[in-house]
Amino acid sequence: MRGCRRKVVGLWPLALGLAAVACSSPPPNPVRTPQLTLGSETPGVVVPGEPPNLEAFGWAHLTLTFADQQTLSGFRLRAGLLSGQTTVDVDNVFADPLTPAAMLERALPFVSLPLDRRLAYGYFDGRRSVLALVDLVTGDAKLVSSNDGIYHSAALGRDGSAYFLLVDTVTREEIGLFRLRRDEQQPQLLAKRKPEPSPTDGSTVYVTPRGDRVAILDCAAAQCWLRLYDANDGSPQGELRTPHSTVLGVTDDFVVMPAGCFEGCPAAAFSIPSLAEETFGAVCGRARFTFESRIGAITTGRGPDCGGANASDLTSHFVDGGRLDVPDPSLNGAELVEQTSNDTSELPNGWILVAPNGQLEAPGPVTLVNAVSGDTIPMDFRP
């Protein structure tokens, strides 16, 4: 039995460690090249050697500012385009710092995944809550203020809609799931949710690429619930209790999560809408959802315990069971950059970011790597 660790979601995500759990290692998967149609006319495929338009994709880096361990005094958000431009730099000092620690429950600043050169972020400064919808080309922002609740997690749809949760300012109980269309000024209540138990460790919103369903991961006391909703009328589509506390990616057909372990434990794909679980591949340390269209896959590091020479060796595991070892791009020890709640980016389909120790802030080059061909593109941006 190989030692594995499970990520714990909690109020202090930067301070919490990783709790040890036991996990059996799956038998090694045979190397099988998935059936990829490499043609630029097919949406979502990867064409080796064809450089992507980096101006079409965004990134964001959120830093929380603590006066002490009990007091959140503000945040800084920097964002821009993968081509190198920084178009957003918000340094916000709260009017009323949030203290004691109980005030932070479901009130931490957040940033969404960038999508189509747009971004959403939100915060509560002790007096009011603000949701900002940002154009990453111009840096312009549409601000939606609330005196009735606190914005908590948001996700963008390709039609320009924003989906977000609102919680009560005093009790921190959820008011509901809301949608704000691109051309509207007032959000619409989509679903009056009352998740049980109350997700005291937070909730995260996701939208399928097709925009027909919203997935929400609610977590409390190291247990999580994956819940699906119709994106048009808010009707519940299903829910499942799961030990997984992280979503790697969402397609139109499934929600992909790590199996809660490191060092060779499989990933899990939950079908939409049945939420039937199917495990595939192996997550070895850092992992990122790579192929976000019909050929969903994760790309993960492959250290000595997982059949590679070091953590810089990369393998893509496809939901259909296929596996593709990424050709060695000679990255000099750089490791895959994961998607986190504070570091988010939209990457060209089939490409990944690598950086020293997997950290964008670390000194050294940041590189975009094609997960099929191993082709590399040096990056100019730095959070």
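In this predicted model, Leu 177 has Ala 191 of strand 13 as its bridge partner. That bridge belongs to the antiparallel pairing of strand 12 (residues 174-180) with strand 13, which counts 3 bridges. Which strands stand at the edges?

Now look at the strands with the order 5-4-3-27. These 4 strands also form an open sheet, and the pairing is antiparallel. Strand 5 and strand 27 (343-345) each have a single partner strand, so one side of each is left without a neighbour in the sheet. Neighbouring strands here are turned by 15° against each other on average, direction ignored.

Inside this sheet, strand 3 and strand 4 run antiparallel and are joined by 10 bridges. You can find one example at Thr 63, whose bridge partner in strand 4 is Arg 76.

Leu 228 has Gly 238 of strand 17 as its bridge partner. These two strands form a hairpin with 5 residues between them, and in the turn Gly 234 has a positive phi of about 80°.

| Residue | Bridge partner | Strand of the partner |
|---|---|---|
| Thr 63 | Arg 76 | strand 4 |
| Leu 177 | Ala 191 | strand 13 |
| Leu 228 | Gly 238 | strand 17 |

## The nonpolar core and its rings

Which residues have the most contacts inside the largest nonpolar core? In this core of 25 residues, they are Phe 75, Leu 77, Leu 119 and Tyr 121. Strand 3 (58-68), strand 4 (71-81), strand 5 (86-98), strand 7 and strand 8 (129-135) each give two or more residues to the core. The largest share, 5 residues, comes from strand 4.

Leaving out residues up to four places away in sequence, Tyr 121 touches Phe 75, Leu 77, Val 90, Phe 110, Val 111, Val 130, Leu 131, Ala 132 and Val 134.

Aromatic rings give you another way to explore the structure, which has 7 aromatic pairs in total. In one of them, the ring centres of Phe 75 and Tyr 123 are 5.1 Å apart and the planes meet at 45°, so this pair is tilted. Because Phe 75 lies in strand 4 and Tyr 123 in strand 7, the pair ties together parts that are 48 residues apart in sequence. Are these two residues buried or exposed? Phe 75 has 1% relative accessibility and therefore counts as buried. Tyr 123 is buried as well, at 8%. Ring pairs also link Phe 75, Phe 94, Tyr 121 and Tyr 123 into a cluster.

## Two buried loop residues

Ser 112 is in the loop between strand 6 (110-111) and strand 7 (118-124). Its relative accessibility is 3%, so Ser 112 counts as buried. Beyond residues up to four places away in sequence, Ser 112 touches Leu 119, Ala 120, Ala 154, Leu 156 and Thr 344.

Val 319 sits in the loop between strand 24 (314-318) and strand 25 (323-325). With a relative accessible area of 12%, Val 319 is buried. Apart from its neighbours within four places in sequence, Val 319 is in contact with Phe 254, Val 256, Ala 269, Glu 278, Phe 280 and Gly 296. How far apart in space are Val 319 and Ala 297, C-alpha to C-alpha? The distance is 5.7 Å, while 22 residues separate them in sequence.

## The disulfide

The structure holds 1 disulfide. It joins Cys 219 to Cys 224, with 2.0 Å from S to S.

Notes. Residues numbered from 1 in each chain as written. Predicted model: local features only at pLDDT ≥ 70, side-chain atom pairs only at ≥ 80, totals over all residues. Heavy atoms only, no water. Disulfide = S-S within 2.5 Å. Buried < 20%, exposed > 50% of the residue type's maximum accessible area, 1.4 Å probe, protein only. Contact = heavy atoms within 4.5 Å. Core = buried A, V, L, I, M, F, W, Y, C linked by side-chain atoms within 4.5 Å. Pairing = 2+ DSSP bridges. Phe/Tyr/Trp six-rings, centres within 6.5 Å; stacked < 30°, edge-to-face > 60°. Axes fitted to C-alpha atoms, helices over the stretch in contact; angles between N-to-C directions.
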